Amino acid sequence: MSGEAEIRAAGRVVGDALAGVVGVVRDTHRAIADRAFAAGGPAAQPIRAAHGLIAGGVYATVAGAHALVPRLIGVAVGEGWRPERPPLSGSRAGRFALAVLNGLWGDTLSGRHPELATPMAVRSHGEDVALTGEALRAAFPAAGPRIAVFVHGLCETEDYWSLAARRHHGTPEMTLGARLRRDHGYTPVHLRYNTGLHVSDNGLRLAALLEELVAHWPAAVERIALIGHSMGGLVIRSAGRQGAAAGHRWVPAVRHAIFLGTPHLGAPLARGVHTAAWLLARFPESRPVARLIGGRSAGVHDLNYGALVEEDWRDVDPGELPRDLCTDVPFLPDAAHHFIGATLARRHDGPLATVLGDLFVPYRSAAGLGERRSVPFDSGNGRHLGGLHHFDLLNHPEVHDQVCAWLAGPPAPAPPGDAPAGPAR
């Protein structure tokens, strides 16, 4: 995407956001005024009409200005944008900002501002990689028969897999992918995607991407490890369900699926925001704020209870209190499934760990231990790490060691008669 297109789109987004804030103020003002004028009875109605006319004109002018000015700035900057200058997504800060924007409002961006919506893609050296044999050979010249696919979480990018690498490992180059390449011969493949879409939509996209990746990979694929952080683990599970249903050939090649801080049973923070929006919607004065909060993305809604498939959200009223109506989705039959859950506290079963978890995900959700639903991890396929937060799980030495230990063990056996996936030889 060109820098000019991104700047123009950013101007439109900022304009819409500012106009939306003015709308919230206007509607709150109107609700408060309506209650006051109603208390004044019939005698207050002429004043009410005049007040409404004047206030409506003022808010229309202010909203129009707030919407127009950022658009004009975006057009002006875009017109002066030199082609040799990198786009917003060309800088680390710009990528992080776009990732947050996609995470919070990604479904809206897809429809109204597609220039800023992130497509699902394989990434290498800061660029999207086309799923063709030629492009994959150029991006992965040392491609081998083992692939480790990394799927990031909400509001993240593939850059997050290198967070704190220098602090933890003494070099920014030592990521989990680099460790798996060095110690176990896996070729790391990192993805980027729009985390504001429904998990089921991203799962469908991931299933299709993996099918194309395996079909055009430079070597015959013998083994795949899928590694997801936070929401990325939900996307992996959704992709497994949909890929298996479609008979995709990548599915039996998966030998390990590893979930790092994945909210298999949902995240209390997401449910808390949803509940707050529901409460605010009960009163006319706070209803505009509820609508503003309610505009959060479909992906965030799915984190209430870990929705994986379309049936989990299709007939659910997003304005109602959240309820766990999610479907039990089985694991891939040919893969070993593992999880790592963190807590700020040293123990995972104390009151502090129960309340805070890793700041975003409780340990019991990461471990799939619920009262109504549970995730069938085998004994020994889980690990608790105390004294860590949610983002430590991306690149902490203990995470590296544990993932390497799991991948060094015997993988789930391949189904009888299964041949390596990959391009025809």
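Let me start with a rule: I call something a salt bridge when a side-chain nitrogen of Lys or Arg sits within 4 Å of a carboxyl oxygen of Asp or Glu. What you're looking at is a predicted model, so local features need pLDDT of at least 70, side-chain atom pairs count only at pLDDT 80 or more, and totals for chains, interfaces and linings use all residues. Numbering runs from 1 along each chain as its sequence is written, and side-chain values use heavy atoms, with hydrogens and water left out.

By that rule we get 13 salt bridges. Take Arg192 and Glu158, whose side chains meet at 2.8 Å, N to O. Arg192 is in strand β4 and Glu158 is in the loop between β3 and α5, so this pair ties together parts 34 residues apart in sequence. Helices here are DSSP runs of H or I with at least four residues, strands are runs of E with at least two, and both are numbered from the N terminus. Arg192 is buried at 9% relative accessibility, and Glu158 is buried at 12%. Buried means under 20% relative accessible area, exposed means over 50%, and partly exposed is in between, using a 1.4 Å probe and protein chains only. Those two also belong to a salt-bridge network with Arg123 and Asp128.

Next, Arg179 and Asp401, with closest N and O atoms 3.0 Å apart. That one links helix α6 to helix α14, 222 residues apart. Arg179 is buried at 16%, while Asp401 is partly exposed at 43%.

Staying with α6, residues 176-184: its buried residues are Leu176, Gly177, Ala178, Arg179, Leu180 and His184. Their cover includes β3, β4, β5 and α14. Just after the helix, Gly185 takes a positive phi of about 75°.

Now, β5. Seven of its seven residues are buried. On one side you have Arg223, Ala225, Ile227 and His229, and on the other Ile224, Leu226 and Gly228. β5 runs parallel to β3, joined by six bridges, and parallel to β6, also through six bridges. Strands count as paired if DSSP finds at least two bridges between them. For landmarks, Ile147 has Ile224 as its bridge partner in β5, and Ala225 has His256 in β6.

What about the largest nonpolar core? It has 51 residues, and those with the most contacts inside it are Val149, Val189, Leu206, Trp217, Ile224 and Trp250. Helix α7 gives the largest share, seven residues. By nonpolar core I mean buried Ala, Val, Leu, Ile, Met, Phe, Trp, Tyr and Cys residues joined through side-chain atoms within 4.5 Å. Apart from that core lies another, of 22 residues, with Leu176, Ala225, Leu260 and Leu388 among them.

Val149 touches Val189, Leu191, Leu210, Leu213, Ile224, Ala225, Leu226 and Ile227, leaving aside neighbours within four places in sequence. Contact means heavy atoms within 4.5 Å.

Last stop, the surface. Leu269, Val273, Leu344, Leu352, Val355, Leu356, Leu359 and Phe360 form a nonpolar patch with about 710 Å² of accessible area together. Patch residues have over 30% relative accessible area and no salt bridge; nonpolar side chains (Val, Leu, Ile, Met, Phe, Trp, Tyr) are joined within 5 Å, like charges within 9 Å. Areas come from Shrake-Rupley with a 1.4 Å probe; for residues, only the protein chains shown count as cover. The largest share, three residues, comes from α12. Phe360 sits in the loop between α12 and α13, partly exposed at 36%.
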